[in-house]
Amino acid sequence: MADFSIVLGTRIWSTWSMRPWLVLHRTGASFDETVIRLRADDTVAQVAAVSPSGLVPLLTDHRFGAPIQVWDSLAICEYLAESFPEKNLWPADRAARAVARSVSAEMHSGFARLRHSLAMDLFAEKPGEGYGDEGVAAQVARIDAIFRDCRARFGASGPYLFGAWSIADAMFAPVASRFRTYRPPLSDVAAGYVETITGDAGFRAWEDAARREL
Ligand SMILES: N[C@@H](CCC(=O)N[C@@H](CS)C(=O)NCC(=O)O)C(=O)O
């Protein structure tokens, strides 16, 4: 048996699945995965049968005898950071880590209008759609400001928000996908960061697996 198993939702749509999957993939740990089809007649029943929260993703750690279950995307990311300290899944520097946790939590709990109007649709091209909806431009501007601020203050050592890849990049990967699909106006820094994330090996591995699901 693999060390971990993870239950995901349909890859082209499930932003909450993509985030912890990218982190798990980055650890190099062995894992099995199950994908539940979202937006189907039996989705609610299928998810309820396996997940305490009635939502995916769900991670199970099989390394310690009795299986340890972790649900909710950010909790899974934190659990993996704790499990693999040598992978530096959060930035090593305290000040950078504080900001990385803050922007990750801000992503996790916020941006409802962007999530609704610019829903992830991994391979779609819908330039201009949704940007005019109420509140979307302001949320795009806030994310652009996060990208510019993190890259300027912490990004000198590499192409990611905090230089080296971190959980913060996984948290914003679905946003990069949305920006590629809907093409809202972005600063050069934000547009460059979107290219970095959508060209990343982990992101491409997610896309390859998504193609096999279609
Ligand atoms: N706060 C949760 C949100 C999880 C969530 O909303 N998952 C959706 C799929 S992306 C789900 O399970 N939906 C169940 C359904 O559609 O019945 C997290 O961060 O993991």
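I began with residues 4-88 of this predicted model. Over that stretch I found the chain to be 38% helix and 24% strand. The C-alpha atoms at its ends are 19 Å apart. I then looked up the stretch in UniProt, where an unreviewed entry lists residues 4-88 as "domain: GST N-terminal".

Next I turned to two strands, β3 and β4. I noted β3 at residues 58-61 and β4 at residues 68-71. They pair in the antiparallel sense, over four bridges. In this pairing I found Asp61 opposite Ile68 of β4. The two strands form a hairpin, with six residues between them. I checked the turn and found that Gly65 has a positive phi there, about 80 degrees.

Then I went to the ligand. Which residues surround the ligand? I listed Ser14, Trp16, Leu38, Thr43, Val44, Leu55, Val56, Pro57, Asp72, Ser73 and His108. I sorted this shell by class and got six nonpolar residues, four polar and one charged.

For Val56, a polar backbone atom is 2.8 Å from a nitrogen atom of the ligand. For Asp72, an N or O atom of the side chain is 3.0 Å from a ligand nitrogen. For His108, a polar side-chain atom lies 2.9 Å from a ligand oxygen. Last, I looked up the ligand's surface: taken alone the ligand exposes 510 Å², and the protein buries 75% of that.

Note on methods:
Residues are numbered from 1 along each chain as its sequence is written. This is a predicted model: local features need pLDDT of at least 70, side-chain atom pairs count only at pLDDT 80 or more; totals for chains, interfaces and linings use all residues. Side-chain values use heavy atoms; hydrogens and water are left out. A residue is near a molecule or strand if one of its heavy atoms lies within 4 Å of it. A polar contact is a pair of N or O atoms within 3.5 Å; within protein, one must be able to donate a hydrogen and the other to accept it, and residues adjacent in sequence count only if both atoms are side-chain atoms. Accessible areas come from the Shrake-Rupley method with a 1.4 Å probe; for residues, only the protein chains shown count as cover. Ala, Val, Leu, Ile, Met, Phe, Trp, Tyr, Cys and Pro count as nonpolar, Asp, Glu, Lys and Arg as charged, and the others, Gly among them, as polar. UniProt positions are given in the numbering used here, feature names are shortened, and annotations may be inferred rather than shown by experiment. Two strands pair if DSSP finds at least two bridges between them.
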